[in-house]
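Let's take a walk through a protein model, going from the whole chain down to single residues. Have a look at the structure first, and then read on.

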Amino acid sequence: MLNTRQPTVEEVIAGFPRLMELGRGEEAEAEARALYRHFPARGDVNEALALVLVNLGKHGDALPFAETAARAEPKNAGYLINLGRLYLKFELIEEALPLLEKAFRIDSSMYQAPWAMGEFFHETGNGRQAIQYLKQAIAVAPATHKSQIELLLADSLSSLGEIDEAERLFKKLCADEHRRLFPLVQIANLRKHTTGSEMFGLLQQELNNAGNRPSDFMRLHLAVGRIYENSGEYAKAFEHFTKAKSSLKAKSDINQFRSAVDNLIESYKPETLQRFAGYGDPSGLPVFVVGMPRSGTTLTEQIIAAHPKGGGAGELNRIGRMHQGLNEEKGSAHLFDRMVEGRPDRCRDLAAKYVSMLKFLAPGAKRVVDKMPHNFVALGFIALFFPNARIVHCIRNPADNFISAYQNPINPNHSYAYAAESYALYYKEYLRLMQHWQQLLPGRIFTLRYEDMVANPEDKTRQLLEFLGLPWDARCLRFHERGAMVKTFSRQQVREAVHRGSVERWRNYEQQLRPLVEILKDEMAL
């Protein structure tokens, strides 16, 4: 007799991880959605669908199902943790922490609870608390997940400048032959090495491993290139930087960016500001530090955050998400229509939530820095939603700016920085847009030239603080003594006082940068 018993809901859910392991994600999603249609109120069904979607990279789609699961079973620590992590991913920071804390109170013995708390504090720049929770998670985590948590712990230690302990932990992680490459590269980046070092030999061996993925080759070539640079072999250094970028096979569309700049210049005019007066939040708390990546934005944030009334929130994607959510990639006219539909109250509420997040991240501060360099494209939007916010525009010799970006693992969203010529063309459009913002927002943008800051740090810091409405405080000159967490590529540089070591570095690569210099000769003369 045939067995016609239908599988239980629990059995169907138990099969989803196996489908994901087999690469049958679409099938898992289809089955999870079918199950949801039959049982839309069940917490386990909503959670299962949310997890499938997260594993497929569909985090936005997963969010409402994770929320339903947590509402259905508010004492399920696992559901709370997964929802908290999703909130953290979307920078709904003030909503994530209560969920993670509740999960931790419900069951602090499950390793996911302290792990998630460690992730939260790592992301929000509280390295000390991150380390505390991550060590607790490592103590109870199974071997299958321990190395993931240890990697985050090592990164937290590195971000706080605790190089010796970070190096020790990365070396331990190198013992796994299948996962040794990433920690090895991280070790290489902790200190300056030369071509005579043991580290150089280890990296060269890894480059000969044909099994490495393109992203691994990219990191290896960058690390080897920096060692050649440290050794004064600049032609070989540039060759490896070029190999690193070519391995990513990402192309930049300058015409698309030029059209976007045209649209912004045409859309944002004085009458636009007048039309939407009263739509934003009047707070003077936000400080938007913008510019090209590697133009001194991290240095600027650290100087401001060293002030007793200053705070740093790191690189936040929240403005980009707000802008994209209203724009929907349909242009500024569509964004303005959405603002009119939402009316001033809804727009003010959206802006107020952002300000509330800054207060959460830096309680008691008078000015809080959002250091997302590429927010320079959103300064018109920022002017509408935060009419009293300060804007600091960091600018640097474009050739120095390029070589600094070129030797770091800049993500494909910045693929214009993968070649000197495409960078130069992009840079001209960036300057064209910034000139428009400066004309549109007179007195609201403070231009901070990197070379001026390192030549006269006290004078420029005084001018910066005056622009921000903060009294002079000498601690801003000693920002490197704070021991603050720095997660960007600049983490080692900002452990030192301001110096001129990175000025005119491009001269070492003068021959390779001829295309950039030719295109930007007028801009470099400024």
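Predicted model: local features only at pLDDT ≥ 70, side-chain atom pairs only at ≥ 80, totals over all residues.

Residues are numbered from 1 along each chain as its sequence is written, and side-chain values use heavy atoms, with hydrogens and water left out.

**The whole chain**

The protein chain has 27 helices and five strands. Helices (H or I, at least four residues) and strands (E, at least two) are DSSP runs, numbered from the N terminus. The radius of gyration of the protein chain is 25 Å, close to the 24 Å that the globule rule gives for 526 residues, so the chain is as compact as a globular protein of that length. That radius is taken over C-alpha atoms, and the globule rule is 2.2 Å times the number of residues to the power 0.38. Along the principal axes, the C-alpha trace spans about 85 × 65 × 45 Å.

How much of the chain is buried? Buried residues make up 52% of the 526 residues. Here buried means under 20% relative accessible area, exposed means over 50%, and partly exposed is in between (1.4 Å probe, protein chains only). Now take contacts (heavy atoms within 4.5 Å). Among those between residues at least 6 apart in sequence, 70% join residues at least 24 apart.

**A covered strand**

Strand S1 (residues 286-291) is mostly covered, with six of its six residues buried. Pro286, Phe288 and Val290 point one way, while Val287, Val289 and Gly291 point the other way. Two strands pair if DSSP finds at least two bridges between them. S1 runs parallel to strand S3 (residues 367-370), joined by three bridges, and Pro286 stands opposite Val368 in S3. S1 also pairs with strand S4 (residues 390-395) in the parallel sense, over five bridges, and there Phe288 stands opposite Ile391.

Helix H7 (residues 93-106) has 14 residues and reaches 20 Å from its first C-alpha to its last, close to the 20 Å expected at 1.5 Å a residue. That expected span is 1.5 Å times one less than the number of residues. Its buried residues include Ile93, Leu97, Leu100 and Phe104. An α-helix has 3.6 residues a turn, so residues three or four places apart point the same way. Among the elements covering the buried residues of H7 are helix H6 (77-89), helix H8 (112-123) and helix H20 (332-361).

**A few single residues**

Here are four residues side by side.

| Residue | Relative accessible area | State |
|---|---|---|
| Cys347 | 5% | buried |
| Cys476 | 1% | buried |
| Ser415 | 9% | buried |
| Pro214 | 49% | partly exposed |

How many disulfides are there? The count comes to zero, where a disulfide is a pair of cysteine sulfur atoms within 2.5 Å. Cys476 is in no disulfide, and the nearest cysteine sulfur, that of Cys394, is 15 Å away.

Where does Ser415 sit? Ser415 is in the loop between helix H22 (398-406) and helix H23 (420-440). Not counting residues up to four places away in sequence, Ser415 touches Ala250, Lys251, Ser252 and Ser422.

Finally, Pro214 is found in helix H14 (residues 214-230). The C-alpha atoms of Pro214 and Ser247 are separated by 5.6 Å, with the two residues 33 apart along the chain.
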